[in-house]
Amino acid sequence: MKYFAITLETSSEKIKKIAKENDVDYYGGRDNILFELNRMLYKNMENDIFFFVYSEEKNAEKILAAFSYDNNKFSYDEAYSHILNSLKEYGISEIAEAPSEITMTDYFEFYNEGDRRGCLYRSIVRMQDEIYELLKSYNEGSLKQNEKFYYGYEERLVRINNEQEDFIYDKKLKEELENIEFHSNASDYQGNIAHYFVAARSNEAAFSITEKLLESLLKAKRITSRRVSVITEISPSAWRRDNHLDTIIETNKGGSIVFDLSERFGNTPTEYAQVCKYIEGLVKKYRKDILFVFTYNIDNPGFSYYLLPKLAQYIMSVNLREGTADRKGGIKYLESLIKDSEYKKYAYQAGEYLENYPGDKFTQTDIIRAYDRFEAWCLNKNIIKAYTFGKEEFMLDRNENAESAYEKLQSLIGLKTVKEQIDSIIAAYRVEAERKKCRGINFKPSSMHMIFGGDPGTGKSVVARCIAGIAKEKGVIKSGIFVETSGVRISGPGCEFAIREAFEAAKGGVLFIDEAYALTGETATTTLLQEMENRRDEVIVILAGYSGRMKGFLEQNEGLKSRIPYWVDFPNYSTEELTEIFKLMLKERDFTATEEAVKEASYIFDKVRYTENFGNGRFVRNLFESSIKNQSVRLLKEKGNVENIGKNALFRLEKEDIFMPGENLKEARVPGTAMKELEAMVGLDSAKAVIKKAVAGLKLRKLYRERGIKQPRPALHLTFTGSPGTAKTTVARLLAEILKDEKVLPSGKFIECGRADLVGTVVGSTAKIVKDKFRQAEGGVLFIDEAYSLVENAKNGFGDEAINTIVQEMENKREKLVVIFAGYDKPMEKFLERNPGMSSRIAFRVKFDDYTEDELLDIAKLMASKNGITITEKAMEKLRNICKKARTKEGYGNGRFIRKILEESQMNIAERLYGLTPDEITEEMLTVIEAEDITEPEEEETETRKLIGFCA
């Protein structure tokens, strides 16, 4: 359908007079001449041509009318000639204003006005009345319960004879306009060869491009109607049958329809699959009859990615985008916008006004946004003159009396390196903001996103909150808002909506995504990348989690890696820092604690802080809360009644209150037990002496550190060398417990490993394995048995990589653990020479001598007694002879050799008693080793190694 307004040069009185002169009484003497005129014209009109008059300007002798016709059946000339001929029959031949095309909405407004004035004869609309009534209800907010509207709808008219020359043209748009002008439609053909995809950074810019395009197409007769239907805010349910889009297109053949492909608020692009399919069908069906224009926002493309590639497969599409101009071009475009407004006389001030906007390049969106503020600037400059004006960006206010975010960051306990990094990052942000202010849109700022890596409870979320405040205080971001979410929360079904909602909520502030590595799926990762890039100027994204897992997460997502310039490592808190946090919690809750209680808490922190998944600050809070509960139980038990508890006692923690749930139920060896066991061991006099000296030195060093006395940092680590079976591993285990008992190390943890546990199978993996093993051993002893097995014949192999990393970790973690290298004497010397830094880091070299014959016999007695066994004198004499012979052989096994003989002896007892009945076997027979039970172990036969290959 096409709709037109027309003004007739006549009046009711003239119509009556002409009727009287012609002696025709077709008005029946009624006063409402317009009603009678409509009644008679309705009877004479062709089907699908509708005409009505709706108002009269009596002073000007003009009657206002409107008409419409089905352009599938009639041309404009045919419809208009028919209307003129019908009017002449009733004496109306003068037209005051020629027909001008109007929108369907305008047409129905005129129709309603005629109805209100009582001019209409009967309903003169057919196909389009249903959609109009629905649109009317939608715009008035009076939709019935069963009525739905799945999009925003607006009608516009293409301007004609628009003389605006000052426009910001993209090169492609300029070429297309020239192409349209050169290939104007000089034939009677009606149809659309090409359709358009328009990209811009604002809806206003997108439609200004579309408007310029349609003006050119109308002038070239490539479209035949000025009417433009604009569809916005499309719902994912718009594909349903009751959407009326077909009707809108049917009533606008020869015109244009513009689809804005932004998703409706609250929806995600992936929800538009059915809508895309439905729009495809519309384009296929009507592509010849109506011009399709699809617009999308460059920064937030909505569901355009899902639709446009499919449309481009079967229509000829032309891609256009908003243009960019220099400052002179921007001023001219702004002047043209002002000239179309009520402030046109101030258009000459456009250049002065644009000085408030820095930069040498401007997009259409930049100028349109600037134009939106021109009115206020113009009124203030020329009339009110009350305010200074600049392009200051809006910033949320803050309480000036409150502690600043920067002060809060600096007041946090520990985190020295973190604070230094944050200072550097904020400094970079501020300089970037100043660069942008100077260059405007010409300057593309660096990304502000970062990663926080560290164990739980190290203050990542607290520091992130501080950054939001600091960035706002320094003018880097506008609101300082802090939004916290997690990788799990924004993954899975609906992830696009969840991610975009999170970014929208964090606009002008910081989006903190904890455990970011839980973000799974290509859709979630792609959406996160897209939002991080599109909103880089308005949202700072902080991804947080365990350092190792965050590194792995980045390795799998190269796009993320390239968009995050800052990595902030959060170290675990030291014992002193954990104690300070505990004291701070006491203060915040108005509690006190005795000196002994604080020392006990410090001891617990020192003991557990190297355990796996230690909670740092969270552990301190848990201990504090647990201690309060423990105190409550103790007080009630002591006082018997709540009323008997004094006020000071209510808020004071004692030493006995400081323990974690279940800790007091654990069975633990009495401190000093390990040292007694070491002293009771057979032999090893030189080893015991060196170990006692090492323990004493480590205790003294700890005492120096506690009292703040500066001392050189000597090495802590040891080597245990000696033959097999000389108790190196046993002594190492005891040493770990002794160092714990003496509070030199926080735990008695003992981690034993060999070459297989330290060397990787691919290049680069060994260093990580070694570091992980050192991390496991923190707070205790790392025992590396047969350390020289790491040494390979070839230099720079995996073994050398392991040794180099071990040396590095021995230095980096010298305060956190003790490393013991164990093995034979000569190979160990070779091992220490492999890396120049190794030998200098060994504080104590413990030599485990072979046992003497007497010591071996003592060991045998000790082993037997532990199992409730006794050895006869003859058996002992036989054992002495065996030991004497064995000690002449290299690597015979020492203590292991004795253990093997005793195990074999018990097997011999079993064989000797095999033929007896249980009643015949006495307890003495079971628990006494006789001489006949002692047998010399058979020597292992060594097979000559055969060479494979050619022999000389």
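Which residues does Ser627 touch, not counting residues up to four places away in sequence? The contacts of Ser627 (heavy atoms within 4.5 Å) are with Leu653, Asp657, Ile658 and Phe659. The close-up views below begin with the model as a whole and return to this residue at the end.

**Figure 1. Confidence along the predicted chain.** This is a predicted model, in which local features need pLDDT of at least 70 and side-chain atom pairs count only at pLDDT 80 or more, whereas totals for chains, interfaces and linings use all residues. Residues are numbered from 1 along each chain as its sequence is written, and side-chain values use heavy atoms, with hydrogens and water left out. The protein chain has an average pLDDT (the predictor's confidence in each residue, from 0 to 100) of 82, and 89% of the residues score at least 70. Over residues 142–147 pLDDT stays under 50, and the model has seven contacts beyond four places in sequence for this stretch. Over residues 941–952 pLDDT also stays under 50, with zero such contacts.

Figure 2. A nonpolar core is a set of buried Ala, Val, Leu, Ile, Met, Phe, Trp, Tyr and Cys residues joined through side-chain atoms within 4.5 Å; buried means under 20% relative accessible area, exposed over 50%, and partly exposed in between (1.4 Å probe, protein chains only). The largest core has 57 residues, and those with the most contacts inside it are Leu718, Phe720, Val731, Leu739, Ile820 and Ile898. Helix α27 (residues 728–741) gives the most to this core, with seven residues. Helices (H or I, at least four residues) and strands (E, at least two) are DSSP runs, numbered from the N terminus. Leaving aside residues up to four places away in sequence, Leu718 touches Ala694, Leu735, Val818, Val819, Ile820, Phe821, Ile842, Phe844 and Val846. A second, separate core comprises 50 residues, among them Leu412, Val418, Val463 and Tyr573.

Figure 3. Strands β22 (residues 781–785) and β23 (residues 818–823) run parallel and are joined by five bridges; Val781 has Val818 in β23 as its bridge partner.

Figure 4. Strand β13 (residues 450–454) runs parallel to β17, with five bridges joining the two, and Gly453 stands opposite Asp569 in β17.

Figure 5. The 17 residues of α7 (residues 203–219) should span 24 Å at 1.5 Å a residue, and the end C-alpha atoms are 24 Å apart, which agrees. The expected span is 1.5 Å times one less than the number of residues in the helix. Helix α7 is mostly covered, with 13 of its 17 residues buried. Just after α7, Lys221 takes a positive phi of about 60°.

Figure 6. In α22 (residues 595–608), the buried residues are Ala597, Val598, Ala601, Ile604, Phe605, Asp606 and Val608. Their cover includes α21 (575–588), β18 (592–593), α23 (617–639) and β19 (652–653). Asp590 is found in the loop between α21 and β18 and counts as exposed, at 63% relative accessibility. Ser627, in helix α23, is buried, with a relative accessible area of 0%. Ser627 and Ile658 are 31 residues apart in sequence and 5.2 Å apart in space, C-alpha to C-alpha.

Key: Pairing = 2+ DSSP bridges.
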